[in-house]
Amino acid sequence: METYKIYSITSVVLFAIGLGGLFLAKHFLRKIIATIIMGGGVFLCLVSFADRDSLSYADPVPHALVITGIVVAVTAAAFALSLARRIHKFSGEETFTDEK
Amino acid sequence: MINFPTSSFPALLVALPIFLAILSLIFRINRRAIIGLWGSFLIGILALVSFIEVIQKGTVIHILGGWEPPLGILLRMDPLSAVFIGLTATIGVFISLYTWWYFRAREASKGRFPLFWPLWFFLWAGLNGLFLSNDLFNLYVTIEIITICAVGLAVLSGEKNALKSGLRYLLAAIAGSMAYLFGVALIYGSTGTLDLEHLSEVLKPGKTTNFALIIITLGLMIKKAAFPFHFWLPPAHSAALAPVSALLSALVVKGAFYMMLRLWTEVFEVSLTFAAGQLIGIAGAAAVLWGSWQALLQTNFKLLVAHSSVAQMGYLLMMFPLLIIAPGISSDSANWLSPAWTAGIFQVISHAFAKSSLFLSAGIIIMALGHDRIESLRDLVAWMPMTAMAIGIAGVSLIGLPPSGGFMAKWMLLKGVFLSGQWWWAPAILLGSLLTAGYVFMLLRLAFAPSREINHFRSVPKSLQICALILALGSFLIVIPAENLIQFLEGSESFGSGIQSIVKGGRYGNE
């Protein structure tokens with residue numbers, strides 16, 4: 001039960017770091033990395049639920065969900081990166097606010 | 001859930017758009033538009049046929065690959081989802097028609113956006129999938145498909161403003177979906193199931209459920225641009241191409257609303273309190289007032305319409321506090337539930353028609369003028385009477401003047417508000433209508449005002465103007481079958497049902 005708690009707390013902390021980073025960071029790259037950290041927290045939480053008391057084996061459903069989730073997260077992050085790169089190429093801007 | 005008649009239409013409604021999207025990717029750019037146009041007609045016909053199927057048989061289901069839940073995926077099409085799918089198809093066909101002429105009209109100078117059609121079909125598949133889903137994770141996947149396609153469409157023009165607002169939209173949406181997924185993880189951890197039907201039976205009230213409810217609701221509120229999280233919507237919707245703005249405003253934000261409606265009425269009954277409903281209602285009222293006020297201050301037509309979207313989505317949120325009923329009262333005796341549901345559904349439909357018409361008109365005006373500053377709308381009535389008429393009719397529906405669909409929605413909302421005794425929402429609804437009237441009449445006043453220049457409008461194909469006008473008329477025509485539509489919707493299990501709130505601290509609220 002102790003390891004379970006460690007996973008839960010870690011996932012919440014990761015999620016909070018990601019959420020904070022998304023709002024506080026200015027640079028596009030930092031914002032995108034923050035969303036990836038958020039995703040990491042959620043996936044850790046989800047995959048730690050595979051160890052269920054009622055089952056003698058690892059529950060396969062969370063693994064399937066996490067794999068799907070990772071695919072979606074990678075796609076979204078790649079898309080966001082390519083957008084950020086295009087913005088930088090056009091205007092040299094790296095943040096949403098106009099002043100450097 | 002297994003007892004319902006099986007039908008293959010739910011699976012086809014998702015598969016056909018995906019097939020068309022892949023097919024259009026294979027072909028060269030010239031052929032894509034043809035596939036796009038005929039493909040959208042095909043999906044429209046399919047949606048119509050499946051709508052008729054639901055009218056005849058009631059709720060139908062499809063079990064994918066014969067794998068029954070909880071292992072497999074079950075698609076459910078009840079009257080409520082049939083209405084949303086039908087709405088998507090109706091708006092979708094008209095926007096496809098408009099897009100076809102729109103790209104042909106601007107072909108010479110600016111290119112034809114080859115990725116529009118595949119992205120639009122993937123988006124359509126995602127929307128249909130969302131309306132048919134019956135488990136939490138399926139909803140997550142479909143809303144992610146919708147988000148990524150929507151952002152892809154929003155940045156299609158490749159201009160700096162569109163890219164920046166697209167990235168902002170994408171980041172906000174990723175945060176929203178991560179929050180939603182976190183809630184799903186917690187629910188799966190505490191119950192071991194994702195099926196909505198099953199969850200409503202096994203979900204127990206408690207701290208985990210409360211936290212999951214809060215975080216899922218917050219995630220969905222980011223996705224549908226509810227009041228404190230609306231910051232991404234106006235720039236993203238106004239910087240996109242005209243048909244894309246219409247799609248985003250009319251259909252994409254409705255997806256998250258549908259999800260929230262389903263989850264609140266079917267899954268989270270066990271942990272909803274009176275205060276939770278009030279909180280959502282306050283966010284809605286704030287969105288109505290703030291969005292309408294901001295719309296009044298805009299000087300660009302598209303930004304005005306986008307801010308008005310924030311406001312009109314606020315009306316949808318104000319339906320939620322009415323759905324929550326005191327413990328011990330049965331849904332049948334609470335006579336305000338039916339008006340509240342009618343208001344919600346009609347607000348969705350009439351806003352979808354009116355807003356897509358306004359954005360398509362904005363596209364026509366940009367094509368005619370080269371920009372969309374409001375003060376150059378002068379003399380619009382003389383030179384483009386059809387577009388002026390479309391703007392007027394759609395605007396009247398947004399204000400909520402009879403006999404438009406918007407009037408029906410706002411009237412029923414007011415009726416629900418007074419029947420339930422929650423009178424404090426009425427000023428926000430009325431003031432919102434007044435502000436809406438302010439910005440619509442500001443547009444119309446300019447449209448009728450004489451201009452010093454002689455015909456500064458370039459000619460725009462009539463077909464584009466007809467599309468916008470038909471959509472605007474649609475927001476009036478939906479009132480005609482209103483009674484039948486409500487009767488049909490009552491076949492859906494959740495329509496007209498209330499949420500029995502739990503007692504917290506010995507008080508329900510307004511007793």
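**Rings and charges**

Tutor: Start with a charge on a ring: the charged end of B:Arg168 sits over the ring of A:Phe96, 4.5 Å from its centre. The criterion is NZ of Lys or CZ of Arg within 6 Å of the ring centre and within 35 degrees of the ring normal. B:Lys410 likewise has its charged end over the ring of B:Tyr315, 4.6 Å from the centre.

Student: What should I know about the model and its numbering?

Tutor: The model is predicted, with local features needing pLDDT of at least 70 and side-chain atom pairs pLDDT 80 or more, while totals for chains, interfaces and linings use all residues. Residues count from 1 along each chain as its sequence is written, chains are lettered from A and ligands numbered from 1 in the order written, and side-chain values use heavy atoms, without hydrogens and water.

Student: How is a pair of aromatic rings described?

Tutor: By the distance of the centres and the angle of the planes. Rings of Phe, Tyr and Trp (its six-membered ring) pair if their centres lie within 6.5 Å; planes under 30 degrees apart are stacked, over 60 edge-to-face, the rest tilted. Over all chains there are 24 aromatic pairs. B:Phe131 and B:Tyr258 have centres 4.9 Å apart and planes at 80 degrees, so they are edge-to-face. They link distant parts of the chain, 127 residues apart.

Student: Is B:Phe131 buried or exposed?

Tutor: Buried, at 1% relative accessibility. The cut-offs are under 20% relative accessible area for buried, over 50% for exposed, and partly exposed in between (1.4 Å probe, protein chains only). B:Tyr258 is buried too, at 1%.

Definitions and conventions:
Helices (H or I, at least four residues) and strands (E, at least two) are DSSP runs, numbered from the N terminus.
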